[in-house]
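Open the structure in your viewer and switch to a cartoon view. Keep the selection tool at hand, and follow the stops in order.

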Amino acid sequence: MTRSRIELGDVTPHNIKLLKKLNTVVFPITYNDKFYVDALYAGELVKLAYYNDIVVGAVCCRIDTTENKRRLYIMTLGCLLPYRRLGIGTIMFLHVLNYVENDGNFDSIFLHVQINNDGALEFYKKFGFEIVETHKHYYKCIESTDAFVLEKTVTNEKPPDHAHSNGHTEKAEKKT
């Protein structure tokens, strides 16, 4: 028996059409051209998921700085139906979580999910997301227009290099 290989790869001008095709198949809404132009320059925030060298999923995020918070917004995270429940979504989400933890300056991760998308709700809840709000008529031109806002608070546990009792923090000097 051969072992399945799941990998994440960069979005480039050569494969951007794969991201666009994947999104049209996986999601009930159509994303505009700006979404895909921005995806080309998003670096680690946009990844294609490969299953045995076949593109089967993608994750697209952006940094949101509204409400005096710095949050990571998951715009899309999806996988083709025949490849679901194989760990591909988990690998994409763990990439996002790793990005947030390595950065150390995010308050939370959030996203919108259609209220009738039980699979997505179950997926995100297992990673500690909670429903924090309902947006009525969030989606246009699809049958179920309401969306839940799901959010996961991030604890930034990067301790300062050296803290003094007076409350000031100094950076420890690197010895050479």
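The tour goes from the sheet to the helices, then to the core and the salt bridges. Keep in mind throughout that this is a predicted model.

**Stop 1: the sheet**

Colour the strands. They form an open sheet of 7 strands, in the order E1-E2-E3-E4-E5-E7-E6, and the pairing is mixed. Which strands are at the edges? Select E1 and E6 (130-135): each of these edge strands pairs on one side only. Now look along the sheet; from one strand to the next, the twist averages 30°. As background, strands of a sheet pair through backbone hydrogen bonds, either parallel or antiparallel.

Next, select E6 together with E7 (residues 147-153). These two strands run antiparallel and are joined by 5 bridges.

**Stop 2**

Select helix H1, residues 16-26. H1 lies across E2, E3 and E4, and runs at about 90° to E3. Then select H3, which packs on the sheet and touches E1, E2, E3, E4, E5 (108-114) and E7. The direction of H3 makes about 165° with that of E4.

**Stop 3: the nonpolar core**

In soluble globular proteins, nonpolar side chains tend to be buried together. Here the largest nonpolar core has 46 residues. To see those with the most contacts inside this core, select Leu-19, Ile-74, Phe-93, Ile-109 and Tyr-124.

Stay with Phe-93 and display what surrounds it. Which residues does Phe-93 touch, not counting those up to four places away in sequence? They are Ile-74, Leu-77, Ile-109, Phe-123, Phe-127, Phe-129 and Lys-152.

**Stop 4: the salt bridges**

A search of the whole structure finds 11 salt bridges. Begin with Asp-53 and Arg-5, whose side chains meet in a salt bridge at 2.4 Å, N to O. Asp-53 is in the loop between strand E2 (46-51) and strand E3 (54-64), while Arg-5 is in the segment before strand E1 (6-10), so this pair ties together parts that are 48 residues apart in sequence. Are these two residues buried or exposed? Asp-53 has 53% relative accessibility and counts as exposed, whereas Arg-5 has 38% and counts as partly exposed.

Move on to Asp-103 and Arg-70, where the side chains meet in a salt bridge at 2.6 Å, N to O. This pair also links distant parts of the chain: Asp-103 is in helix H3 (residues 88-103) and Arg-70 in the loop between E3 and strand E4 (71-79), 33 residues apart. Asp-103 counts as partly exposed at 25% relative accessibility, and Arg-70 counts as partly exposed at 24%.

Now select Arg-62, Asp-64, Arg-71 and Glu-151: salt bridges that share partners join these four into one network. Within it, zoom in on Asp-64 and Arg-71, which form a salt bridge with their closest N and O atoms 3.6 Å apart. Both Asp-64 and Arg-71 are buried.

**Stop 5: a loop residue**

Finish at Pro-82, which lies in the loop between E4 and H3. Pro-82 is exposed, and its relative accessible area is 67%.

Technical notes. Residues are numbered from 1 along each chain as its sequence is written. This is a predicted model: local features need pLDDT of at least 70, side-chain atom pairs count only at pLDDT 80 or more; totals for chains, interfaces and linings use all residues. Side-chain values use heavy atoms; hydrogens and water are left out. Helices (H or I, at least four residues) and strands (E, at least two) are DSSP runs, numbered from the N terminus. Buried means under 20% relative accessible area, exposed over 50%, partly exposed in between (1.4 Å probe, protein chains only). Two strands pair if DSSP finds at least two bridges between them. Axes are lines fitted to C-alpha atoms, for helices over the stretch in contact, and angles run from 0 to 180 degrees between N-to-C directions. Contact means heavy atoms within 4.5 Å. A nonpolar core is a set of buried Ala, Val, Leu, Ile, Met, Phe, Trp, Tyr and Cys residues joined through side-chain atoms within 4.5 Å.
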